[in-house]
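Have a look at the structure below, then read on.

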Amino acid sequence: IATKLAQHGFRALATDLRGHGRSTKSSCGQYDPQSMVADLKDLVLELDLYRQPFALVGVDVGAAIATEFAATFPKLVGVLACVDYNPLVSTSRLRHSKVQAAGAVGGEEEAAALLASPLLGDQRRTQAAAQRAVPVIFARDGSGELRPRGDPRFSFAATMASLGLSAASIQCPAVFMHSLTDEEASSLRQLNSRIETRRLQKSSGFG
């Protein structure tokens, strides 16, 4: 997606949250929303992204962080897009990637097979997507074994009351793409008039 945006003249940046992908792990297992919002703020300052409002897109936990960031720094975010995230869900804990807790695997083929395994449920990838994701999700450790880059201790916990408050505080146009009931969609719009919902034909596991 970043490549296609660049082809249309946009500057697109994709960042890994702490404890994910190529970002470093927290030495003390600190993965609260405020810490990761601070990480994003530091990135904005480092790359001089504050000169004009930008579009901020997040998926799952990243969407919760993006929502918190947009509420905390309203002058920086021109538009917010949240994918696979509903700030009104009843659970107080967002899931982490099931792959993060996996041990060492034999090699790239075994890693791709793990990512495409039906055991991952809704986190399962197609075979082609799994092969592309292997170098992003896995890395060789000091012993030469291939292990997930993600911190197995990662657990994003936040009260839905606090996340819902962030969604209510958004001052820019925002779109939430998630499988929602009509009642949930109505509640989101009542939470903040800037939030839009669109009914889409279900495809590839997303509503």
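Phe-73 has a relative accessibility of 25%, so it counts as partly exposed, given that buried means under 20% and exposed over 50%. Please keep in mind that this is a predicted model. Phe-73 also belongs to a cluster, joined with Phe-54 and Phe-69 through ring pairs.

**Aromatic pairs**
- Searching the whole structure turns up 3 aromatic pairs.
- In one of them, the ring centres of Phe-54 and Phe-69 are 6.4 Å apart and the planes meet at 35°, so this pair is tilted.
- This pair ties together parts that are 15 residues apart in sequence, because Phe-54 lies in strand S1 (residues 54–59) and Phe-69 in helix H3 (residues 61–72).
- The rings of Phe-69 and Phe-73 have centres 5.0 Å apart and planes at 45°, so that pair is tilted too.

**Burial within the cluster**
- Phe-54 and Phe-69 are both buried.
- For Phe-69, the relative accessible area is 0%.
- Phe-73, by contrast, is partly exposed.

**Positive phi angles**
- Asp-48 is a residue other than glycine, yet its phi is positive, near 55°.
- Asp-48 sits in the loop between helix H2 (33–46) and S1, and its relative accessible area of 34% makes it partly exposed.
- Asp-60 is not a glycine either, and its phi is positive at about 55°.
- The loop between S1 and H3 holds Asp-60, which is partly exposed with a relative accessible area of 21%.

Conventions:
Residues are numbered from 1 along each chain as its sequence is written. This is a predicted model: local features need pLDDT of at least 70, side-chain atom pairs count only at pLDDT 80 or more; totals for chains, interfaces and linings use all residues. Side-chain values use heavy atoms; hydrogens and water are left out. Rings of Phe, Tyr and Trp (its six-membered ring) pair if their centres lie within 6.5 Å; planes under 30 degrees apart count as stacked, over 60 as edge-to-face and the rest as tilted. Helices (H or I, at least four residues) and strands (E, at least two) are DSSP runs, numbered from the N terminus. Buried means under 20% relative accessible area, exposed over 50%, partly exposed in between (1.4 Å probe, protein chains only).
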